[in-house]
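Subject: Structure handover

Hello,

Here is the structure for your files. Please open it first, then read the notes below.

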Amino acid sequence: MAVTRRRPGGFTVVLAVVGLSLLFVSVPEFGPVLRAARADGVSGAFTARELRCVRHPGHESCVWAGDFTSGDGRIRRRDVELYGSDRGTLAAGQATAAVDTGRLTRVYGPEGSDEWLFTALLTLAGAAVLTVAARRARRPAPEPAPEPAPEPAPEPRA
């Protein structure tokens with residue numbers, strides 16, 4: 001008997017979209033965050049200009065934004081954030097050593113970062129969700145229930 005395939009259901013399609021979205025967000029960031037982990041990039045100085053804070057219920061998250069200038073003065077980037085900085089790290093106008101790893105909006109301290117862990121977890125989660133969706137899509141359709149045997153005709157009475 002031939003195995004028939006069924007079309008993926010809505011839940012399977014949603015799983016696939018979620019998995020692909022996680023991969024779409026995480027995979028392109030892998031190179032820059034691995035460079036950031038090793039503080040591999042252009043060395044220079046970050047000058048703090050503005051403290052940016054976001055308040056969550058019971059928590060405040062802050063980061064310093066400012067300007068990065070490479071050690072040789074050739075690279076100047078405006079309005080970048082210093083990863084790992086917070087309210088008590090710097091003051092406006094204060095400069096500190098930093099490394100530009102190629103991220104559009106962020107530079108890092110010379111000690112590197114552990115941001116790659118989160119990116120790796122997102123990548124693994126995306127791959128896992130996509131694998132589950134693929135397995136669900138490959139499941140064969142359930143076989144139809146056998147038709148019940150016809151009931152025998154009653155015997156005539158004599």
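First, a definition: patches are made of residues with over 30% relative accessible area and no salt bridge, where like charges are joined within 9 Å and nonpolar side chains (Val, Leu, Ile, Met, Phe, Trp, Tyr) within 5 Å. A salt bridge here is a side-chain nitrogen of Lys or Arg within 4 Å of a carboxyl oxygen of Asp or Glu. Accessible areas come from the Shrake-Rupley method with a 1.4 Å probe, and for residues only the protein chains shown count as cover.

This is a predicted model, in which local features need pLDDT of at least 70 and side-chain atom pairs count only at pLDDT 80 or more, while totals for chains, interfaces and linings use all residues. Residues are numbered from 1 along each chain as its sequence is written, and side-chain values use heavy atoms, with hydrogens and water left out.

**Surface patch**

L34, W116 and L117 make a nonpolar surface patch of about 250 Å². W116 sits in helix α3, residues 115-138. Helices (H or I, at least four residues) and strands (E, at least two) are DSSP runs, numbered from the N terminus. W116 has 34% relative accessibility, so it counts as partly exposed. The classes are: buried under 20% relative accessible area, exposed over 50%, partly exposed in between (1.4 Å probe, protein chains only).

**Overall build**

The protein chain has three helices and five strands. Along the sequence the pattern is α-α-β-β-β-β-β-α. The chain is more spread out than a compact globule, because its radius of gyration is 29 Å, well over the 15 Å that the globule rule gives for 158 residues. That radius is taken over C-alpha atoms, and the rule is 2.2 Å times the number of residues to the power 0.38. The C-alpha trace spans about 115 × 35 × 20 Å along its principal axes.

Of the 158 residues, 27% count as buried. The accessible surface of the chain comes to about 11000 Å², and carbon and sulfur atoms hold 59% of that. Contact means heavy atoms within 4.5 Å. Among contacts with a separation of 6 or more, 65% are between residues 24 or more positions apart.

**Core**

A nonpolar core is a set of buried Ala, Val, Leu, Ile, Met, Phe, Trp, Tyr and Cys residues joined through side-chain atoms within 4.5 Å. The largest one has nine residues: F46, A48, W64, F68, V80, L82, L90, A98 and V107. Strands β1 (42-56), β2 and β3 are the elements that give two or more residues to this core.

V42 is in strand β1. Its relative accessible area is 31%, so V42 is partly exposed. Beyond its neighbours within four places in sequence, V42 is in contact with F68, S70, I75, A98, V99 and D100. V42 and V99 are 57 residues apart in sequence, yet their C-alpha atoms are 5.4 Å apart.

**Salt bridges**

The structure holds 13 salt bridges. Which residues does E60 pair with? One partner is R55, with the closest N and O atoms 3.4 Å apart. R87 also forms a salt bridge with E60, at 3.0 Å between the closest N and O atoms. R87 lies in the loop between β3 (76-82) and β4 (95-100), and E60 in strand β2 (residues 59-70), so the pair ties together parts that are 27 residues apart in sequence. E60 is partly exposed at 27% relative accessibility. R87 is partly exposed too, at 46%. R55 is exposed, at 68%.

E115 and R106 meet in a salt bridge at 2.4 Å, N to O. Are these two residues buried or exposed? E115 and R106 are both buried. E29, R103, R106 and E115 are linked in a network of salt bridges.

**Loop and backbone points**

G88 is in the loop between β3 and β4. It counts as exposed, at 71% relative accessibility.

Most residues other than glycine have a negative phi. A39, in the loop between α2 (30-37) and β1, has a positive phi near 55 degrees. D79 has a positive phi of about 55 degrees as well. D79 belongs to strand β3 and is partly exposed, with a relative accessible area of 47%.

Best wishes
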